[in-house]
Amino acid sequence: MRREIYQWMNALAIVAIALFACGFQTVILKLPLFRWLGVDLILLIVTYLGLKRGIFLGAILTALVSHIAELHSGSPSGLIMSCYFVVFGATLLSREFFIMESPFSIVILGVFSGLAWKIAFLIISYKADMFANVWKPLFLYLPTFLVAQGLLTRPVFTLLHKLDGLMGVGEHSEFHGAY
């Protein structure tokens, strides 16, 4: 009983962290000093959920976290959520097919999750007839976005891993890689 309570408290803590991260990246990281970075902290949380959670709980948390991000964006309904679910699914598949034992592989996973998000965004925006408006800024800021995602992957994963350890969720997870 206690374990289930801790699991739900951990899920609520992840949603609270996602709320803070979304507010931080829509207020502080949109200032002219940081805008060129294009950091997406929600993407790193979704990537972590793909690594550390099962498909059911991870999908529910991804839906909540991506809905929070979608509420703060000016995009059409479902666009951001679809991109985050593509990243969640790609992370689930990479967890099954690849061994991620080194910290370098976790950084590469963060970079490739950012690349998967951008590709999914391009495909969906093309299907929604918005491609002409989004392709130029996307390719302009893509290198700095991928570098920022790679640099922030380990600190964000370490924070979420410590939260899992505090709640006792991490020892029964499917993934036990290095951070």
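Asp129 is exposed, with 72% relative accessible area; exposed here means over 50%, buried under 20%, and partly exposed in between, using a 1.4 Å probe and protein chains only. Asp129 sits in the loop between helix H5, residues 103-127, and H6. Helices in this talk are DSSP runs of H or I with at least four residues, strands are runs of E with at least two, and the numbering goes from the N terminus.

Some background before going on. This is a predicted model, in which local features need pLDDT of at least 70 and side-chain atom pairs count only at pLDDT 80 or more, while totals for chains, interfaces and linings use all residues. Residues are numbered from 1 along each chain as its sequence is written, and side-chain values use heavy atoms, with hydrogens and water left out.

Next, the salt bridges. How many does the structure hold? There are two salt bridges, a salt bridge being a side-chain nitrogen of Lys or Arg within 4 Å of a carboxyl oxygen of Asp or Glu.

One of them joins Arg53 to Asp164, with 2.8 Å between the closest N and O atoms. This pair links distant parts of the chain, 111 residues apart: Arg53 is in the loop between helix H2 (41-52) and helix H3 (55-71), and Asp164 is in helix H6, residues 131-167. Are these two residues buried or exposed? Arg53 has 4% relative accessibility, so it counts as buried. Asp164 is buried too, at 0%.

The other salt bridge is between the side chains of Glu96 and Arg95, at 3.6 Å from N to O. Here Glu96 is exposed, with a relative accessible area of 56%, whereas Arg95 is buried at 14%.

Helix H1 covers residues 2-27, and its axis lies 9 Å from that of H3 at an angle of about 20°. Axes are lines fitted to C-alpha atoms, for helices over the stretch in contact, and the angles run from 0 to 180 degrees between N-to-C directions. H1 and H3 are therefore roughly parallel; the cut-offs are under 35 degrees for roughly parallel, over 145 for roughly antiparallel, 65 to 115 for roughly perpendicular, and oblique for the rest. The crossing of H1 and H3 is right-handed, that is, the near helix is turned clockwise from the far one by less than a right angle, anticlockwise being left-handed.

Which residues of H1 and H3 meet? From H1 they are Ala11, Ile14, Val15, Ala18, Leu19 and Cys22, and from H3 they are Leu61, Leu64, Val65, Ile68 and Ala69. Contact means heavy atoms within 4.5 Å. Sorted by class, this contact has 11 nonpolar residues, no polar ones and no charged ones. Nonpolar covers Ala, Val, Leu, Ile, Met, Phe, Trp, Tyr, Cys and Pro; charged covers Asp, Glu, Lys and Arg; the others, Gly among them, are polar.

H3 also packs with H2. Their axes come within 10 Å and cross at roughly 175°, so H2 and H3 are roughly antiparallel. Ile42, Ile45, Val46 and Leu49 in H2 meet Gly58, Leu61, Thr62, Val65 and Ala69 in H3. The classes for this contact are seven nonpolar, two polar and no charged residues.

Then there is H4, residues 79-97. The axes of H3 and H4 come within 9 Å and cross at roughly 150°. That makes H3 roughly antiparallel to H4. H3 passes H4 in a right-handed crossing. On the H3 side the contact includes Ile55, Gly58, Ala59 and Glu70, and on the H4 side it includes Leu79, Tyr84, Phe85 and Phe88. By class, there are 11 nonpolar, four polar and one charged residues.

Last, two residues of H6. Gln149 is in helix H6 and is buried, with a relative accessible area of 0%. Leaving out residues up to four places away in sequence, Gln149 touches Val39, Asp40, Leu43, Leu44 and Gly110. Thr144 is also placed in helix H6, but is partly exposed at 25%. With neighbours within four places set aside, Thr144 is in contact with Trp36 and Leu37.
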